[in-house]
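Open the model in your viewer and keep the sequence panel beside it. We will go from stop to stop, with something to select at each one.

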Amino acid sequence: MALRDFALLVLVCLIWATNNIISKFVVADLAVPPLFYAAVRFALVAAITARWLIPAPRPRWRLIVVALLMGGGNFALLFIGLQTATASAAAVVIQLGVPITTVLSMVMLGEQVRWRRGIGIALTLLGALAVMWDPGGFVVSTGLLFVVAAAFLGSLGAVMMKQMQGVRPLQFQAWVGFASVWPLAALSLAAEPGALQAALDAGWAFVAAVVFSAVIVSVLAHTAYYGLIQRYEANLISPLTLMTPLATIGLGVALMNDPFGPRMVVGTIVALAGVLIIALRPNQVAPLLLAWRNRAQ
């Protein structure tokens, strides 16, 4: 890989990691309701990418379903989870999307999984469970359960997306924004009274977070990543994206005072080792999944 492209990939991973911390800050510290935050974010994405909506890829119904799974549904659950879960723990638990996608690829795409990826699936699951484990017993926080649900929706969307052909990155972003903003706005209006006032109270910090997540993360960083996977093999790019959860954990510990004891260390190492094994094996949906997984938070 050219040094310039490697530097670009490092920058993309750092942007994704920074956004993970920002999302946690918005829904937990600024107390902006998660559905409202997601709705505003997707409204801005839809406005920026509106020119790529037409012509719409077919089948249109599948595109809308995928957009809702990987967009509105995934982000809504993830932001709800981040209200109580730490960004560091969420960065590890969201890795469950990789083995979930592998299993769904077997069922929906007929992909074969050999013993090495089977080991990777087991390690990722064990690592995530270690992060969820409490010394006094197996206690899973409600927040992390929402993160697991978000991982499942994103994985299902990634597999369904693989069954479509000819969808360009910005075109997909346009449909994710357009399809997601309406149900999120309606749900926020019904379930989050006072959401607008909370956003106004948050002030420019909320505005800056939305602009960063919509413009820098969803449009620029995601497009740059797709350019890289078009130039290089997925088996080279995919393992390097593990810089994102590692950077998220580092930023979470440094900026958010996330706990990072022996249990978290072991869980992180085991889970990321499992993801690395899966990513190194050729498969059909790794590039799309890893793009979603890293920018999702």
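**First stop: H5 and H6**

Select residues 97-109, helix H5, and residues 115-132, helix H6: their axes come within 9 Å and cross at roughly 140°. Helices here are DSSP runs of H or I with at least four residues, strands are runs of E with at least two, and both are numbered from the N terminus. The axes are lines fitted to C-alpha atoms, for helices over the stretch in contact, and angles run from 0 to 180 degrees between N-to-C directions. H5 and H6 are therefore oblique to each other (angles under 35 degrees count as roughly parallel, over 145 as roughly antiparallel, 65 to 115 as roughly perpendicular and the rest as oblique).

Now show side chains. Pro99, Thr102 and Val103 of H5 meet Arg117, Ile121 and Thr124 of H6, where contact means heavy atoms within 4.5 Å. Sorted by class, this contact has 3 nonpolar, 2 polar and 1 charged residues (Ala, Val, Leu, Ile, Met, Phe, Trp, Tyr, Cys and Pro count as nonpolar, Asp, Glu, Lys and Arg as charged, and the others, Gly among them, as polar).

A word on what you are viewing: this is a predicted model, in which local features need pLDDT of at least 70 and side-chain atom pairs count only at pLDDT 80 or more, while totals for chains, interfaces and linings use all residues. Residues are numbered from 1 along each chain as its sequence is written, and side-chain values use heavy atoms, with hydrogens and water left out.

**Either side of H5**

Stay with H5 and colour its buried residues: Gly97, Val98, Pro99, Ile100, Thr101, Thr102, Leu104 and Ser105. Buried means under 20% relative accessible area, exposed means over 50%, and partly exposed is in between, with a 1.4 Å probe and protein chains only.

Next pick Gln95, in the loop between helix H4 (87-93) and H5. Is Gln95 buried or exposed? Gln95 counts as buried, because its relative accessibility is 2%. Its side chain reaches the backbone oxygen of Ala91 at 2.7 Å. Then jump to Gly110, which follows H5 and has a positive phi, near 70°.

**Zoom out**

Show the whole chain as a cartoon. It has 14 helices and 0 strands. Of its 297 residues, 53% are buried. Among contacts with a separation of 6 or more, 91% join residues 24 or more positions apart.

**Second stop: H3 and H8**

Select helix H3 (residues 60-82) and helix H8 (residues 169-191), which pack at an angle of about 65° with their axes 8 Å apart. This crossing is right-handed. From H3, the residues that take part include Arg60, Leu63, Ile64, Val66 and Ala67, and from H8 they include Phe172, Trp175, Val176 and Ala179. The contact of H3 with H8 divides into 13 nonpolar, 3 polar and 1 charged residues.

Zoom in on Ser180, which lies in helix H8. Ser180 is buried, since its relative accessible area is 0%. Which residues does Ser180 contact, leaving aside its neighbours within four places in sequence? Look for Phe42, Ala67, Leu68, Gly71 and Gly72.

Go to Leu30, in the loop between helix H1 (3-29) and helix H2 (34-48). Draw a distance from its C-alpha atom to that of Ala205: the two are 175 residues apart along the chain and separated by 8.4 Å. Beyond its neighbours within four places in sequence, Leu30 is in contact with Phe25, Ala202, Ala205 and Phe206.

Most residues other than glycine have a negative phi, and most peptide bonds are trans. The following picks depart from that pattern.

- Ala31, in the loop between H1 and H2, is not a glycine but has a positive phi of about 60°. Ala31 counts as partly exposed because its relative accessibility is 48%.
- Pro55 lies in the loop between H2 and H3, and the peptide bond from Ile54 to Pro55 is cis, with omega near 0°.
- Asn257, in the loop between helix H12 (243-256) and helix H13 (262-280), has a positive phi of about 55° although it is not a glycine. Asn257 is exposed, with a relative accessible area of 66%.

Conventions. Polar contact = N/O pair within 3.5 Å; in protein donor to acceptor, adjacent residues only side chain to side chain. Left-handed = near helix turned anticlockwise from the far one by under 90°.
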